[in-house]
Amino acid sequence: MLATNLARIPGLHVLSTARLYELSGPLRGQSEENTMMQRAARDARATQLVQGMLYRRPGGALRLELERVDLATGVVLQESGVEGADVFAITDSATAALAASLGVKADTMRIADVTTTSFAAYRLYVAGLRAYYREEDVPAAMRLFEAALAEDSEFAMAAYYAGTINPVLSGPKSHLAQAVRLASHASDRERLLIRAGWARETGNPADLAIAETLAIRYPAETDGHYLVGVARMWHGDFLGAVESFRVVAAMDSLGLRGVAARCRGCEAMQNIVTAYTMADSLPAAERAARDFLLLQPRSSGAWLALAVPLEHVGRFAEARAAYDSLMRFSAGGATDEIYWRVPLDLRRGDFSEADALVNLKQHYATEVRQSHALWWGSISLRYQGRLREALTLTRTMRAVESRNAKPQHALPYNSNLVAAEVLLEMGRAREAALLFDSLARFSNPYDGVSLPGRYARHLCWTLTHRATALAAAGDTALLQRLADSLQVLGQQSSYGRDGRLHHYIRGLLLRARGRPSDAVSEFRQAMFSLTYGYTRTNLELARTLMALSRPREAIAVVQPAVRGPLDASNLYVTLTELHEMLARAFDAAGQRDSAIAHYRWVVAAWQNADPQFRPRFEAARSHLTQLVTR
């Protein structure tokens, strides 16, 4: 309580209780409490520490004996004592006394104005912080935060931490929404922390500004710097995000050394690797991952951070070894091998291995793993041009998803998304456009009033797919209106990709109108990330550049797409199509060896494809034969 109240004094930088617990690590004995707190304060570069003892006098009054200690020398700078009827009065008096010793007036600051009025609730809350930061016992922390809320339903920070652990965004179980409603009754730091966390989770484009304010006002706390990094990354400032995450990693050296239970520095290091990957700086991503491994050699997160860039650059044997280490160090073997084995097999073009694994999981795994197997199975079939089988598989996907749909009447999203994409690839573009439109209208789980960022993000994404299908059908009548709508909607989302998607639609429209050079300009503006963006933009840009006889530029935009993930934003074009485009571009650029490698990949992938792929398969095989025998 005292730290919260002191932090309200202008110009005084006070470490939060949560930050001290985060730095101090697991408590090995009650006698070590003061020593560990002093060490944590020094690690946070604090200059002074306030410590004391609270006890009840014979008459019933509470007394708090305080010392203000210089951490560099250990000299006691001030001793004082205050009395009061309860802990709230004691906190107010202690705040005023300490402020006066620093030449500041604070006798009107009442702790009850910015936190709970229930001491029982506060004790449960502090116990929750210990469980969360010191013991990393998240279930216990959740129980304690909810118990604190049961004592005082107006306790904003208890609601915030409960909402951080279980980030439900709407409805009666949303503790985050509850925290936002109560934020005006919290201290300045806590109010900013609540608002920043809510903005990040809900896709509010103000998330970066709020996080920057938190980091500037409270630079000794990791939360602001971390949230700035996350916001920068998703706004598209990947290297700026790296800078912020490096600040967090430097501040949490204890966590990275395995001394503290909760490791915010580890999360920052993982995000550094992700940000570099999104910037298509995979050598830098690998270096950052290896730095992480030096600090955390038994961390599954560190091995995952290394495995991903290795996989994406095609160093499959090294990636396989890294994924094996990830499995070895995962708690209880919690990581499903399908997440890494299937993508590796697909990138190598080893479809028999990928299909064997996903078919096994479809029939014998738990329902959750069955869903994952069906998802990856549909991707494998699409890569092989076996679209009729893929469409059949989506019906099974839909049945599994419908059993778990909430609410039950909602249109299943993932299965229908894949079905619409398969229809588009089969040439049934109008059917695909109708299904994408239905997903936009009937599967949006967010309310446009209470969660406008999430609502806008869903619409931007599904309407972009609808525009793609309409353009493929030769129906450009709606493209201008869709582009204009997305230009407005995209500004309501914090995801940088969403604000650029209208350029992609304008590119489709301009190309259809016979203005390919202008289309190239729009497609380039649509790029959020060459590796983690909407990969169909890469493909459509390359097609347009090839039509303009600019194959080297086409190569430059398609190669990063191959280095991206195989699902997420990259789900909407097949790896085979990307290899086909690279083969054609390298061929046109006179780079024979590279063209041969990509044509071979295409021929192997489509050898059992549906009849619609036969002309493209024969063309690829013919070009391959000519190049090999040249």
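Helices (H or I, at least four residues) and strands (E, at least two residues) are taken here as DSSP runs, numbered from the N terminus. On that basis the protein has 32 helices and 3 strands. The radius of gyration, taken over C-alpha atoms, is compared with a globule rule of 2.2 Å times the number of residues to the power 0.38; the protein's value is 28 Å, close to the 25 Å that the rule gives for 630 residues, so the protein is as compact as a globular protein of that length.

This is a predicted model, in which local features need pLDDT of at least 70 and side-chain atom pairs count only at pLDDT 80 or more, whereas totals for chains, interfaces and linings use all residues. Residues are numbered from 1 along each chain as its sequence is written, and side-chain values use heavy atoms, with hydrogens and water left out.

The strands form an open sheet in the order β1-β2-β3 with antiparallel pairing, where two strands pair if DSSP finds at least two bridges between them. Strands β1 and β3 lie at the edges, each pairing on one side only.

| Element | Residues |
|---|---|
| β1 | residues 48–56 |
| β2 | residues 62–70 |
| β3 | residues 76–84 |

Between β2 and β3 the antiparallel pairing runs over 8 bridges, and Leu-66 stands opposite Ser-80 in β3. Helix α4 (residues 87–101) packs on this sheet and touches β1, β2 and β3, contact meaning heavy atoms within 4.5 Å.

Elsewhere, Arg-388 is found in helix α21, which spans residues 387–403. Leaving aside neighbours within four places in sequence, Arg-388 is in contact with Met-426, Asp-610 and Pro-611.

Notes. Axes are lines fitted to C-alpha atoms, for helices over the stretch in contact, and angles run from 0 to 180 degrees between N-to-C directions.
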